[in-house]
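Subject: Structure handover

Hello,

My notes on it follow below.

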Amino acid sequence: MSPGSGASTSRDGVSFDTFFEGWLVRHEHYLEELLTAQQQCSEYQGDDVKDLITRVLSHYQQYFEEKSRVAQRNVFLVFAPTWLSSLECASLWITGFKPGFALRLVFSSVQDLSREQSERIERLMEETKVEERVLNDELARVQESVAAPPLLEMARKQARRTNVEGGREEALLTLRKALEEVVAGADLLRMTTTMKVVEILKPEQNVRYLTAATQLFLNLRNLGLPKDANAKG
């Protein structure tokens with residue numbers, strides 16, 4: 001591993017940890033707004049609802065943009081994120097939520113879909129499955145092409161700043177570049193899938209969908225942190 005890369009890894013992790021703490025505070029505030037809009041829908045005008053949806057989507061976009069900057073500096077860090085609990089890490093698909101799961105959440109959170117909306121979501125699910133398989137296959141090819149050890153093992157070594165054998169340095173650089181492309185592709189699929197869902201749903205339906213997604217994120221975190229604390233204790 002090149003000199004100073006360990007220190008860089010540490011700085012990147014600390015930097016994102018700091019960003020994530022602030023992002024979580026804003027996340028909770030947005031959940032409160034979404035719940036209020038859902039419970040007091042008669043008092044929310046159309047433009048107010050659309051503005052809230054835009055701000056929530058921008059909030060998620062901010063997370064992906066910051067994560068992308070970290071990945072460009074050290075992609076291994078996003079495969080072993082120090083800012084997430086073990087439970088949250090176990091739920092990840094290529095460093096983030098699986099787009100197909102986000103689509104299934106539509107059916108559980110929005111009960112008044114029209115037939116046309118349901119058919120469009122189902123078509124989107126099939127298209128997304130194909131793109132997920134392509135990315136899964138690409139990730140598998142990346143590891144095989146450089147005879148890499150298990151990805152999680154390498155990610156943990158990089159996150160802990162453990163030296164990688166000198167003979168693997170070139171393979172590591174090749175792996176890093178290829179992984180950056182896979183992560184970028186996965187993040188793009190996540191965001192484009194979400195935007196397509198938003199286009200299909202009506203504003204009030206989007207409020208329910210985004211409320212469910214925001215709650216799920218926090219619920220998973222609230223379950224995972226105590227488990228990690230108990231494991232350490």
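Ala-37 is buried, at a relative accessible area of 5%. The cut-off for buried is under 20%. Please keep in mind that this is a predicted model.

Ala-37 sits in helix H1, which covers residues 5-39. What does Ala-37 contact, beyond its neighbours within four places in sequence? The partners are Tyr-44, Leu-52 and Val-207. Glu-204 is 167 residues away from Ala-37 along the chain, yet the two C-alpha atoms are separated by 8.6 Å.

**The chain as a whole**

The chain holds 9 helices and 0 strands. Read from the N terminus, the order is α-α-α-α-α-α-α-α-α. Of the 233 residues, 43% are buried. Take the contacts between residues at least 6 apart in sequence: 80% of them join residues at least 24 apart.

**H2 against H9**

Helix H2 spans residues 46-73 and helix H9 spans residues 203-232. They pack at an angle of about 35°, and their axes are 10 Å apart. The crossing of H2 past H9 is left-handed.

Which residues make the contact? From H2 come Val-49, Lys-50, Ile-53, Val-56, Leu-57 and Tyr-60. From H9 come Pro-203, Glu-204, Asn-206, Val-207, Leu-210, Ala-213 and Thr-214. The contact of H2 with H9 counts 9 nonpolar, 2 polar and 2 charged residues.

Lys-50 deserves a separate note. This residue lies in helix H2. Lys-50 is partly exposed, with a relative accessible area of 48%.

**H5 against H6**

Helix H5 takes in residues 99-109. H5 and H6 pack at an angle of about 165°, with axes 9 Å apart. Angles over 145 degrees count as roughly antiparallel, so H5 is roughly antiparallel to H6. H5 passes H6 in a left-handed crossing.

On the H5 side, the contact is made by Pro-99, Gly-100, Leu-103, Arg-104, Val-106 and Phe-107. On the H6 side, the residues are Ser-118, Ile-121, Glu-122, Leu-124, Met-125, Thr-128 and Glu-132. By class, the contact of H5 with H6 has 7 nonpolar, 3 polar and 3 charged residues.

**H6 on its own**

How far apart are the end C-alpha atoms of H6? Helix H6 has 31 residues, 115-145. At 1.5 Å a residue, H6 should span 45 Å. The end C-alpha atoms are 45 Å apart, which agrees.

The buried residues of H6 are Gln-117, Ser-118, Ile-121, Leu-124, Met-125, Thr-128, Glu-132, Leu-135, Leu-139 and Val-142.

Most residues other than glycine have a negative phi. Two residues here are worth a look.

Ile-94 has a positive phi of about 50°, although it is not a glycine. Ile-94 lies in the loop between helix H4 (86-90) and H5. Ile-94 is buried, at a relative accessible area of 8%.

Thr-95 is found in the loop between H4 and H5. Its phi is near 75°, a positive value in a residue other than glycine. Is Thr-95 buried or exposed? At 6% relative accessibility, Thr-95 counts as buried.

Best wishes

Terms used. Residues numbered from 1 in each chain as written. Predicted model: local features only at pLDDT ≥ 70, side-chain atom pairs only at ≥ 80, totals over all residues. Heavy atoms only, no water. Helix = DSSP H or I, 4+ residues; strand = E, 2+ residues; numbered from the N terminus. Expected span 1.5 Å × (residues − 1). Buried < 20%, exposed > 50% of the residue type's maximum accessible area, 1.4 Å probe, protein only. Axes fitted to C-alpha atoms, helices over the stretch in contact; angles between N-to-C directions. Parallel < 35°, antiparallel > 145°, perpendicular 65-115°, else oblique. Left-handed = near helix turned anticlockwise from the far one by under 90°. Contact = heavy atoms within 4.5 Å. Nonpolar A, V, L, I, M, F, W, Y, C, P; charged D, E, K, R; others polar.
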